[in-house]
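Reader: I have not looked at this one before. Can you walk me through it?
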Amino acid sequence: MKQDAAKSLRVFAAELAIYAVLVTAYFFLVLHVLGGWLYQLETKHRILYAVVAILLIAGQAVALDAVTTVLFRFLRRRWR
Amino acid sequence: MFFPISNSHINPLYLAIVGFVIGILGGFFGVGGSFIAGPALRLMGVDWNYAVGTDLAHIVGKSIVAARKHRTLGNVDLKLGMIMALGTIGGAEGGAQLIQALKHAGNVNIVVSWVAIPVYVGISMFMLWESHTTLKLNKGRPRKTVSNAKAAESKADHSAFEPITKKIQRMKIWPVISLPTSGIKEISLWTILAVALVGGFFSGFLGGGAGYIRMPSMVYVLGIPTHLAVGTDLFEIVISASYGTFTHAIKGNVDILIALVMHTGAVIGAQIGVVATQYFAGPKIRLAFVPLPLIGAAIVVYTLVTGHKL
């Protein structure tokens with residue numbers, strides 16, 4: 001039981017570390033590129049900005065959910 | 001990191017940590033967590049209008065993740081969620097209209113504060129009494145084996161408020177529908193819409209997703225098992241918060257870049273919260289829920305006493 005808990009914690013810590021690296025890259029690459037474009041959109045085309053905002057947050061939710069699920073499965077299998 | 005839309009400098013790690021905390025709360029309790037996100041953004045100097053709109057955008061993303069996870073665990077009643085979303089949007093518009101009227105009358109802050117405090121404290125006290133009483137009653141009950149029960153029945157939990165819930169379910173005002181996923185054979189559509197309208201009204205009137213009102217209402221008024229109420233509430237929040245994000249974005253109140261960064265932390269938090277619900281029985285989740293509305297009440301008292309908007 002204790003071994004299982006320790007293994008789960010180890011998998012979670014590894015997942016968190018890999019995820020942190022991915023997210024940091026995401027901050028600097030994607031957000032930096034998108035920042036200027038979204039700012040322009042927000043000031044000039046509000047309705048389009050509203051649609052893009054919802055699509056972006058929903059798309060990110062699905063993508064990151066998939067990334068964490070794949071990471072978790074991969075690490076679980078490796079440590080089994 | 002500079003966020004040009006709201007013209008603010010915020011450490012992205014701070015945003016990710018805030019998102020992580022709210023993600024756990026959202027996944028576990030089915031709430032949006034606006035009572036933490038709003039003040040947390042204000043603390044970093046984000047204007048109040050951006051804090052409200054951006055928080056809604058972040059709630060959409062976090063609720064998608066948590067609702068997807070809850071769905072894989074069989075905790076989402078899609079039919080109920082769709083009906084509730086309709087009522088919530090209608091109610092939210094009503095609440096927002098009342099806010100506009102109070103704004104014109106010049107006493108919006110004081111009225112909202114004095115309504116919010118008894119509502120928050122009342123919910124907390126009621127849930128404390130109910131979950132405590134139910135846990136005491138459950139001590140004498142034999143444990144049901146999950147293998148013999150159907151999915152909905154295995155998630156069904158008892159409540160000290162059950163006799164009144166049953167009476168509400170017996171009010172058969174046409175049209176009457178069934179919610180097989182939630183284990184409810186017959187319930188009036190109007191009862192569901194009324195619950196959603198009230199939740200939506202408070203969402204529009206007090207701000208945020210009002211999950212702290214809707215989740216308990218689903219359990220006590222509609223008789224939805226706690227795990228399903230959490231999952232369905234999250235699904236419903238996806239629809240109503242998307243609508244809120246859209247209207248706020250048009251008004252120039254959403255910094256989507258902040259929401260995207262906050263959401264990176266919320267994804268992990270939401271997954272932890274959802275998995276944690278599997279280890280707790282319904283009454284225990286309801287008991288753990290008690291401090292949340294109290295935190296909301298404490299924030300309102302703070303703003304009333306100090307005059308600062310957190």
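This is a predicted model: local features need pLDDT of at least 70, side-chain atom pairs count only at pLDDT 80 or more; totals for chains, interfaces and linings use all residues.

Reader: Which residues make the contact?
Author: From α3(B), they include B:T54, B:A57, B:H58, B:G61 and B:V65. From α11(B), they include B:I256, B:A259, B:M262, B:A266 and B:A270.

Reader: How do the residues of that contact split by class?
Author: The contact of α3(B) with α11(B) has 11 nonpolar, 7 polar and 2 charged residues.

Reader: Moving on to the two chains. How many residues does each give to the contact?
Author: Chain B gives 26 residues and chain A gives 24. On the side of chain B that touches chain A, the elements giving two or more residues are α3, α10 (226-250) and α11 of chain B.

Reader: Which of them gives the most?
Author: α11(B), with 10 residues. By class, the side of chain B that touches chain A has 18 nonpolar, 7 polar and 1 charged residues.

Reader: What about the largest nonpolar core?
Author: The largest nonpolar core has 99 residues, and A:A53, A:I57, B:V60 and B:I256 are those with the most contacts inside it. α11(B) gives the most to this core, with 12 residues. In soluble globular proteins, nonpolar side chains tend to be buried together.

Reader: Pick A:A53. What does it touch, leaving out residues up to four places away in sequence?
Author: A:A53 touches B:A57, B:T245, B:A249, B:V254 and B:I256. B:I256 is also listed with A:A53 among the residues with the most contacts inside the core, and B:A57 takes part in the contact of α3(B) with α11(B).

Reader: Now B:M84. Buried or exposed?
Author: Buried, because 29 other C-beta atoms lie within 10 Å of B:M84 and 20 or more is enough to count. B:M84 is in helix α4 (residues 78-105) of chain B.

Reader: What is B:M84 in contact with, beyond its neighbours within four places in sequence?
Author: B:I192, B:A196 and B:E236. B:M84 and B:L197 are 113 residues apart in sequence, and their C-alpha atoms are 8.0 Å apart in space.

Reader: Last one, B:Y120. Where is it found?
Author: B:Y120 is in helix α5 (residues 108-138) of chain B. B:Y120 counts as buried, with 24 C-beta neighbours inside 10 Å. Leaving aside neighbours within four places in sequence, B:Y120 is in contact with B:P293, B:L294, B:G296 and B:A297.

Reader: And how far is B:Y120 from B:A298?
Author: Their C-alpha atoms are separated by 9.3 Å, and the two residues are 178 residues apart along the chain.

How values were computed: Residues are numbered from 1 along each chain as its sequence is written. Chains are lettered from A and ligands numbered from 1 in the order in which they are written. Two residues are in contact if their C-beta atoms, placed from the backbone, lie within 7 Å. Helices (H or I, at least four residues) and strands (E, at least two) are DSSP runs, numbered from the N terminus. Ala, Val, Leu, Ile, Met, Phe, Trp, Tyr, Cys and Pro count as nonpolar, Asp, Glu, Lys and Arg as charged, and the others, Gly among them, as polar. A nonpolar core is a set of buried Ala, Val, Leu, Ile, Met, Phe, Trp, Tyr and Cys residues joined through C-beta atoms within 7 Å. A residue is buried if 20 or more other C-beta atoms lie within 10 Å of its own, exposed if 12 or fewer, and partly exposed in between; C-beta atoms are placed from the backbone.
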